[in-house]
Amino acid sequence: MSGERLALQPGKARTEPVAAPDGSIAPRDFIVVGAVGAGKSALFNALLGQSGAVLKTACLEYHDACTVDTPGEYFDNPRYYTALIATMSTIRTALYVHPANCFDLKLPPGLFRIYPMQVVGVISKIDLADADEARVRALLGELGITGEVFSTSIDRPDTIARLRQFLVGAR
Ligand SMILES: Nc1nc2c(ncn2[C@@H]2O[C@H](COP(=O)(O)OP(=O)(O)OP(=O)(O)O)[C@@H](O)[C@H]2O)c(=O)[nH]1
Ligand SMILES: [Mg+2]
């Protein structure tokens with residue numbers, strides 16, 4: 001199967017593998033959410049093996065029907081919650097991305113409890129000098145993100161690979 005990109009088929013999309021640019025199986029069926037500038041798109045691109053400059057995300061960006069990057073505004077502004085929740089409802093795993101140097105957490109009320117989806121915490125930018133992974137990990141726990149939590153840096157491929165492997169396995 002590797003090296004072959006399969007066409008999307010409604011209703012079957014979640015179970016069919018999609019090849020990454022390097023020929024390996026790419027993770028899919030995940031949505032990336034979090035505040036503006038949290039590092040969602042940089043992570044999204046890294047997970048999918050996509051290179052190039054990371055631009056500000058202005059709208060929902062579908063890699064395919066069940067692999068989606070979101071603008072931070074959808075998370076930060078209650079006006080967009082309905083759209084965010086509707087999009088999340090079709091996807092099995094949410095990656096909540098939170099920078100390792102940010103200690104202010106505002107989670108949209110009930111966002112991750114509305115659907116029985118898997119919520120994975122991602123502590124991003126762990127390479128920053130003022131990063132405090134342990135503190136952010138504790139904050140995530142307080143917010144009810146008690147499942148898997150990964151620490152990542154786009155400058156450290158090993159951290160991306162670990163999350164990528166987890167997502168492929170969770171397919
Ligand atoms: N040091 C460091 N910077 C990062 C990392 N990930 C992302 N950034 C930087 O953080 C900034 C924001 O990254 P984005 O991926 O665009 O953030 P976003 O969450 O997609 O932002 P919106 O699209 O506005 O919601 C950019 O300047 C990135 O280069 C990281 O792991 N380490
Ligand atoms: Mg973005």
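These are my notebook entries on what I looked up in the predicted model of this protein.

**Conventions**

I number residues from 1 along each chain as its sequence is written, and I letter chains from A and number ligands from 1 in the order in which they are written. Since this is a predicted model, local features need pLDDT of at least 70 and side-chain atom pairs count only at pLDDT 80 or more, while totals for chains, interfaces and linings use all residues.

**Elements**

The protein has five helices and eight strands, and from the N terminus on they follow one another as β-β-β-α-β-β-α-α-β-β-α-β-α.

I then looked up burial, where a residue is buried if 20 or more other C-beta atoms, placed from the backbone, lie within 10 Å of its own, exposed if 12 or fewer, and partly exposed in between. Of the 171 residues, 33% count as buried. For contacts I used C-beta atoms, placed from the backbone, that lie within 7 Å of each other; of the contacts with a separation of 6 or more, 68% are between residues 24 or more positions apart.

**The sheet**

I traced an open sheet of six strands in the order β4-β5-β3-β6-β7-β8, with mixed pairing, where two strands pair if DSSP finds at least two bridges between them. β4 (61–64) and β8 (149–151) each have a single partner strand and stand at the edges, so one side of each is left without a neighbour in the sheet. On average, neighbouring strands of this sheet are turned by 20° against each other, direction ignored; for such angles, axes are lines fitted to C-alpha atoms, for helices over the stretch in contact, and angles run from 0 to 180 degrees between N-to-C directions.

Phe30 stands opposite Thr67 in β5, while in β6 the bridge partner of Ile31 is Ala94 and that of Val33 is Tyr96. Helix α5 (residues 157–169) packs on the sheet, where it touches β3, β6, β7 (118–124) and β8, and its direction makes about 150° with that of β8.

Which way do the residues of β3 point? Phe30 and Val32 point one way and Ile31 and Val33 the other way, and all are buried. In a regular strand the side chains alternate between the two faces of the sheet.

Leaving aside neighbours within four places in sequence, I found Tyr96 in contact with Val33, Gly34, Val119, Gly121, Val122 and Ile145.

**Ligand 1**

Of the 20 residues around ligand 1, those that come nearest are Gly39, Lys40, Ser41, Thr57 and Gly72, a residue being near if its C-beta atom, placed from the backbone, lies within 6 Å. Helix α1 (residues 40–48) gives the largest share of this shell, three residues.

**Loop residues**

I noted a positive phi, near 65°, at Asp29, a residue other than glycine, in the loop between β2 (25–26) and β3. Is Asp29 buried or exposed? Asp29 counts as buried because 20 C-beta neighbours lie inside 10 Å.

Lys125, in the loop between β7 and α4, has a positive phi near 60° and is buried, with 23 other C-beta atoms within 10 Å.

Arg113, in the loop between β6 and β7, is exposed, with 10 other C-beta atoms within 10 Å. I also noted that the C-alpha atoms of Arg113 and Gly144 are separated by 9.6 Å, although these residues are 31 apart along the chain.

Definitions and conventions:
Helix = DSSP H or I, 4+ residues; strand = E, 2+ residues; numbered from the N terminus. Contact = placed C-beta atoms within 7 Å.
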